[in-house]
Amino acid sequence: MVSGIPNSTGDLLAFSLYFILNPASLIKRSSILFRPVMAFPSSDELLGTFVPIAIYWIYSGIYVMLGDLNQYRLHTKAEEETKNVVSKGTVVKGVLVQQAFQIAVSLLLFTFMSGGSGVDLPQPALPVIILQFIVAMVVVDTWQYFMHRFMHINKFLYKHIHSKHHSLVVPYAFGALYNHPLEGLILDTIGGALSFLITGMTPRTAIFFFSFATIKTVDDHCGLWLPGNLLHVFFNNNSAYHDIHHQLYGTKYNFSQPFFITWDKILGTHMPYSLEKRKEGGFEARPIKKID
């Protein structure tokens, strides 16, 4: 690294990891860091890169602050401690590594799309933005369904890549993005980039879309069935639906994420469930159909 400028992939990842925890420092120094190689993205691009990451930790942090909430848990605390084979400290580190890759790719993508001009693009009309949201959700769902399912079908990819995510048999909020870095790059970062490019949304719209997608992903892994959760009202793909997939008996089902369950229904991988109250408190998501 020369004069504080990242000149290798390792330097860039180190810078990204540092600035996840110190975003104000990035904004202050952004004009210096990348001036020699490109015009640094404007404020919308910066926000589009860092706001979803901040949302991830804020929203998952809310779940942590709520406490155990045993009456709403999909698994007991004892199950979480015995079935999950990685520590929460390891999970935090793994998520930060993935977000470092996410930052690097996002900055490169936004810079490429802006042509290095640093000029904010005009926002389209509200109906166009709504349509872009819907199309982007379909694109993300389609990409993630087929990539996710392929990582289960291919034994090599499952053993060496995707099994890291499934080491959390009992999901919790801040473990939503605990993946192998390659999986995070393929499923999340590339899927997000495709939705951005295909819809033609502006960086400002991307701030809201990726923040919403982040909230949805965290919520699907929260391990709770909270009353009045609007995401459960509007989406059948929710914490109980995804919990089925995380169980050892459910790895052939419910691949769809994070918005709809359409591809599961079309391609026969949909596993409906019932929510049953446990004697010791909380709920259990039980598959309705016979497990193959």
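Among contacts in the chain between residues at least 6 apart in sequence, 67% join residues at least 24 apart. This figure, like the others here, comes from a predicted model. Of the chain's 292 residues, 49% count as buried. The secondary structure comprises 12 helices and two strands, and along the sequence the pattern runs α-α-α-α-α-α-α-α-α-α-α-α-β-β.

A handy starting point is the annotation. An unreviewed UniProt entry lists residues 46-69, 90-113 and 125-146 under "transmembrane region". In the model, residues 90-113 are 100% helix and 0% strand, with the end C-alpha atoms 35 Å apart. Residues 125-146 are 95% helix and 0% strand, and here the end C-alpha atoms are separated by 32 Å.

Helix H6 (residues 126-153) packs against helix H7 (residues 155-166) at an angle of about 115 degrees, and their axes lie 7 Å apart. Angles from 65 to 115 degrees count as roughly perpendicular, and H6 and H7 are therefore roughly perpendicular to each other. On the H6 side, the contact is made by His148, Phe150, Met151, His152 and Ile153, while H7 contributes Lys155, Leu157, Tyr158, Ile161, His162 and His166. Sorted by class, this contact holds six nonpolar, four polar and one charged residues.

Conventions:
Residues numbered from 1 in each chain as written. Predicted model: local features only at pLDDT ≥ 70, side-chain atom pairs only at ≥ 80, totals over all residues. Heavy atoms only, no water. UniProt positions renumbered as here; feature names shortened; annotations may be inferred. Helix = DSSP H or I, 4+ residues; strand = E, 2+ residues; numbered from the N terminus. Axes fitted to C-alpha atoms, helices over the stretch in contact; angles between N-to-C directions. Parallel < 35°, antiparallel > 145°, perpendicular 65-115°, else oblique. Contact = heavy atoms within 4.5 Å. Nonpolar A, V, L, I, M, F, W, Y, C, P; charged D, E, K, R; others polar. Buried < 20%, exposed > 50% of the residue type's maximum accessible area, 1.4 Å probe, protein only.
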